[in-house]
Amino acid sequence: DLELHLQRCQQLSVTVLTDHQDLSNTELKTITNSTAPQQYRIRAKLRTYKPQKLHQSVKLHCSKCNSLQEVPDGDDFNFILHSSANTAQNPELHNTSWYESVTWATQDQKQREITIHFVKHDEMLRHPEDTLLMIEGGTLKEIWKLTKRFKCVIPVRSAEDDLELLDLSAPFLLQGNVKYYGCKQCSTPKPMKSLSSIAAEQQPSWEPTEIAQVLGIELLQYVFIMKFTLVDETGALNAYLFDY
């Protein structure tokens with residue numbers, strides 16, 4: 001457990017943070033006055049680390065524009081879903097050549113209308129564990145239920161001529177318990193009919209990277225980031241951990 005490990009590191013008087021046994025120890029002051037890149041072996045104390053809570057270390061990174069952003073929470077997604085539920089559905093977009101649509105009204109006070117569009121394969125629906133579906137008007141709870149049974153779920157809304165993705169603050173794709181996001185700055189979302197090219201394949205894999213590509217989405221990657229402040233008798237040094 002990294003959090004416990006970091007707490008132990010703080011309790012130790014000295015922590016060896018690199019393992020270059022062939023190198024002699026270098027003072028932090030010498031390192032901060034040197035030009036990068038260099039390789040050093042240090043002995044230092046861990047003074048602080050950020051963030052304090054481990055789950056806050058997970059961010060979303062765009063490899064194209066190199067931006068970092070916080071992972072949206074469920075409340076943000078819920079708000080976008082509620083907003084899109086107010087968008088009138090277009091019956092003309094139901095039951096096309098590459099997906100079948102099923103619509104029903106909920107029994108709650110708002111009488112919401114939910115439509116699920118099942119993407120077909122060779123004119124037949126595939127097995128649930130291999131199926132991609134698009135959902136209009138669903139809540140977060142309903143979407144999570146679908147992800148437990150079907151391979152891929154894409155929240156959509158009706159536009160004039162085609163179904164379209166929601167605001168990119170929401171995940172454009174859910175697979176299992178993983179939410180996939182697109183970069184707002186680098187993405188140029190395409191209408192959902194772009195997916196028909198994958199559906200026409202003999203054995204669609206429905207890989208997130210392939211789905212993102214055909215939908216014009218620059219896929220954000222989950223990254224793990226931490227900042228450590230190291231100290232010795234000569235000075236302080238900030239060290240950053242960045243990994244996919």
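**Helix 4 and its two sides**

I started on the outward side: the face of helix 4 turned away from its buried side carries the exposed residues Lys141 and Lys145. For the terms, buried means under 20% relative accessible area, exposed over 50%, and partly exposed in between (1.4 Å probe, protein chains only). Helices (H or I, at least four residues) and strands (E, at least two) are DSSP runs, numbered from the N terminus.

Residues are numbered from 1 along each chain as its sequence is written, and side-chain values use heavy atoms, with hydrogens and water left out.

Which residues of helix 4 are buried? I found Leu140, Ile143, Leu146 and Thr147, in a helix that runs over residues 140–147. They cover an arc of only 120° around the axis (taken from the directions from the helix axis to the C-beta atoms), so they sit on the same side of helix 4. I then looked at what covers them: the list includes helix 3 (74–85), strand 6 (113–121), strand 8, strand 9 and strand 11 (173–175).

**Core**

Of its 26 residues, Met134, Ile154, Met192, Leu195 and Ile211 touch the most other members. Two or more residues come from each of strand 8 (132–136), strand 9 (152–158), strand 10 (163–165), helix 5 (196–199) and helix 6 (208–214). A second, separate core has 16 residues, among them Phe77, Ile116, Phe150 and Ala170.

I also checked Ile154 for contacts (heavy atoms within 4.5 Å). Beyond four places in sequence, its partners include Phe172, Leu173 and Leu215.

**Cysteines**

How many disulfides does the structure hold? I got zero, with a disulfide being a pair of cysteine sulfur atoms within 2.5 Å. The sulfur of Cys62 is 3.7 Å from the closest cysteine sulfur, in Cys65, which is too far for a bond. Cys183 is in no disulfide either, and its nearest cysteine sulfur, that of Cys62, is 3.7 Å away. Cys62 is buried at 0% relative accessible area, and Cys183 is buried at 3%.

**Confidence**

I noted an average pLDDT (the predictor's confidence in each residue, from 0 to 100) of 88 for the protein chain, with 89% of the residues scoring at least 70. Over residues 11–16 pLDDT stays under 50. Where pLDDT is low, the predicted coordinates should not be read in detail.

Conventions
Predicted model: local features only at pLDDT ≥ 70, side-chain atom pairs only at ≥ 80, totals over all residues. Core = buried A, V, L, I, M, F, W, Y, C linked by side-chain atoms within 4.5 Å.
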